[in-house]
Amino acid sequence: MSSTTVPNAKPKFEWKMGVATREAYGQALVELGKVNPNVVVLDADLAKSTFSAKFQKEFPDRFFTVGIAEANMVSIASGLALAGKLPFASSFAVFLCDKGMDQLRVGAAYSRANAKYVGSHGGISIGEDGPSQQSVEDYALMCALPGFVVLSPSDEFCARALVHRMAEHDGPAYMRTGRPKAPILYGPNDTFEIGKAKQHGNGRDVAIIACGLEVSYALQAQAQLADEGIDARVLDMHTIKPVDEAAIANAAKECGAIVTAEEHLLDGGLGSQVARAVGKTCPAPMEFVGIDNTYAESATPDQLMEKYGLTAPFIVKAVKAVLKRKSR
Amino acid sequence: MSTTADVTVAPRIESMVELKRMANRLRIEIVKMIGAAGSGHPGGSLSEVELLTALYFRVLRHNPKDPHWLDRDRFILSKGHGCPALYAVMAEAGYIDRSVLGTLRKMGSPLQGHPDRRFFPALEANTGSLGQGISLGIGMALAARLDKKDWHTFVMTGDGEIEEGQNWEAAMFASYHKLENLTVIVDYNHQQLDGFLKDILDPAPLAAKFEAFGWRTLEIDGHDFNQVIPALETARAAKDGKPVCIVANTIKGKGVSFMENNPAWHGVAPKPDEVAAAVAELEAAAKKI
């Protein structure tokens, strides 16, 4: 599969803020519920926060809140799937993945249950609630489960489309959604496929590969670099697993230098997935933007993204570092 | 996917004598299987034999020739380590050939060390990490209710397994949602790997705990078909808005005198001479049935 180039992908700074990807999830659930009577939605006392409450309002008979009991919820979803239903179970990413890990492993991954799991409030951009609520390990945990698809959409259009792709996909899948409103990067006519990156620009100096909110920072970095005469392409790698190896190989070959950016620990997330693909296909120097071996703290989302090195200037800095190591 | 509606296809043993003979035969198979495998869990396999015999030959609505029949009852062995007994009863019921039993735990066998649908698709769920079966069963029971189907979900747990907290999350949910189409059977053999429950973390009084969580409970002798069958039938027919928990008092290692009530036989395979002694004892017992 090759990546899709977004036409006229000029860096956009007249971004409008859209809804949060978690809200797009709720909208997509309602769309799914209307066309598929097998869709059942579960939540663990966070339905208003994950936006699964939108589905609850429309389809109360197909919605179950399990109370504050994530392990139970994860296994119930697997049981529903094993009996032919199409369950979506949501909670905060940190509680869903961390408290439900053994259940995700045995009941969903190992059993190959066709169950879908959506963790909201991913990353540190949840802000003031602090590290106990900030999911910075979910990509690593979920990528470690054989057979799982792992998604991290960047904006509302990407999120809505990917909820539908999750529903069509036969097998277990996980999606991270975010708390804050996300800049609109796409439109209703953009299409998204699992495992197929969205490419912004055809720059050949460096490729910035990002997911989730980091895509908008990557596009900001792309614009700043363009002003300095550096021609970067940005890949929105909304599917962390299976990662788009073809797009990565192409980027490595054409650009010869890669920077990854993710709102996640540097261990085991997007950077690891991309590095493996680069190493396998077309080795090239890489730099990694992410949270470096620490938990964050309470502050506003913007303050945290800056303090923990996730905003556009850090991506620009990483690009300059990787370009110094580029061998041509 | 089949929609076979003929419930008479479920294998059925009417007489008590034949049921007892079947239980005896299963015990011989369990001992031989684990002996041949060189590893496995004899104690908790032998304690659940009458419960499984009653399920597969009297209570479950199922068709071994059509294991994915949509209207079948579901059975989940949450205490996955007890799978030799499940494999043996499923072989006797016709899901697999008896000759397959000798491949337990061997490379490529459908009979994995713990239940694995990837290798044995007739199994309803993969288990082995304790505490998840009731929740999986709730998912199935909810699916049946949403589809307005009358099939029933049975889950068997161990008693040591009940120490896992997820069971109690599930117990709260099942009664709150009035899942009368869900039955949990606790194989209450009073032992776990490290020893007796009373010396580790005793869940007693077990029935009272489930009742406090809103369940209907039945306490029985899990080796007495005259108690096991009526309890399972009562649970399956329940329409009072409560899930049922059958607390089945059993003996770990039941039927093999040197294994009975000895925690050492939780997860150790009998050696060839021990297999021979156990089989001789069980064959002698068969003659007295």
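## Exercises on a predicted two-chain model

In helix 6 of chain A, the residues A:Gln103, A:Leu104, A:Val106, A:Gly107, A:Ala108, A:Ala109 and A:Tyr110 are buried (20 or more other C-beta atoms lie within 10 Å of a buried residue's own, with C-beta atoms placed from the backbone). The model is predicted, so local features need pLDDT of at least 70 and side-chain atom pairs count only at pLDDT 80 or more, while totals for chains, interfaces and linings use all residues. Residues are numbered from 1 along each chain as its sequence is written, and chains are lettered from A in the order in which they are written.

**Exercise 1.** Find what covers the buried residues of helix 6 of chain A.

*Solution.* Start with the helix itself: residues 101–110 of chain A, seven of the ten being buried. Helices here are DSSP runs of H or I with at least four residues, strands are runs of E with at least two, and both are numbered from the N terminus. Next, look around it: the cover includes helix 4 (70–82) and strand 5 (116–120) of chain A, along with helix 5 of chain B. Finally, step past the end of the helix to A:Arg112, which has a positive phi, near 55 degrees.

**Exercise 2.** Describe the side of chain B that touches chain A.

*Solution.* First, count: 22 residues of chain B and 24 residues of chain A take part in the contact (C-beta atoms, placed from the backbone, within 7 Å). Then assign elements: helix 5 (133–146) and helix 6 (166–176) of chain B each give two or more residues. Helix 5 of chain B gives the most, with ten residues.

**Exercise 3.** Work out the strand order of the open sheet in chain B.

*Solution.* Begin with the pairing rule: DSSP must find at least two bridges between two strands. Five strands then line up as 1-2-3-7-6, with parallel pairing. At the edges lie strand 1 (74–77) and strand 6 (216–221) of chain B, each pairing on one side only. Now take one pair inside the sheet: strand 3 (182–188) and strand 7 (244–249) of chain B run parallel over six bridges, and B:Thr183 has B:Val244 as its bridge partner.

**Exercise 4.** Check the overall build of chain B against a compact globule.

*Solution.* Take the elements first: chain B has ten helices and seven strands. Its C-alpha atoms fill a box of roughly 50 × 45 × 35 Å along the principal axes. Of its 289 residues, 54% count as buried. Lastly, compare: a compact globule of 289 residues would have a radius of gyration near 19 Å, and the 18 Å of chain B agrees (taken over C-alpha atoms; the rule is 2.2 Å times the number of residues to the power 0.38).

Methods:
Two residues are in contact if their C-beta atoms, placed from the backbone, lie within 7 Å. A residue is buried if 20 or more other C-beta atoms lie within 10 Å of its own, exposed if 12 or fewer, and partly exposed in between; C-beta atoms are placed from the backbone.
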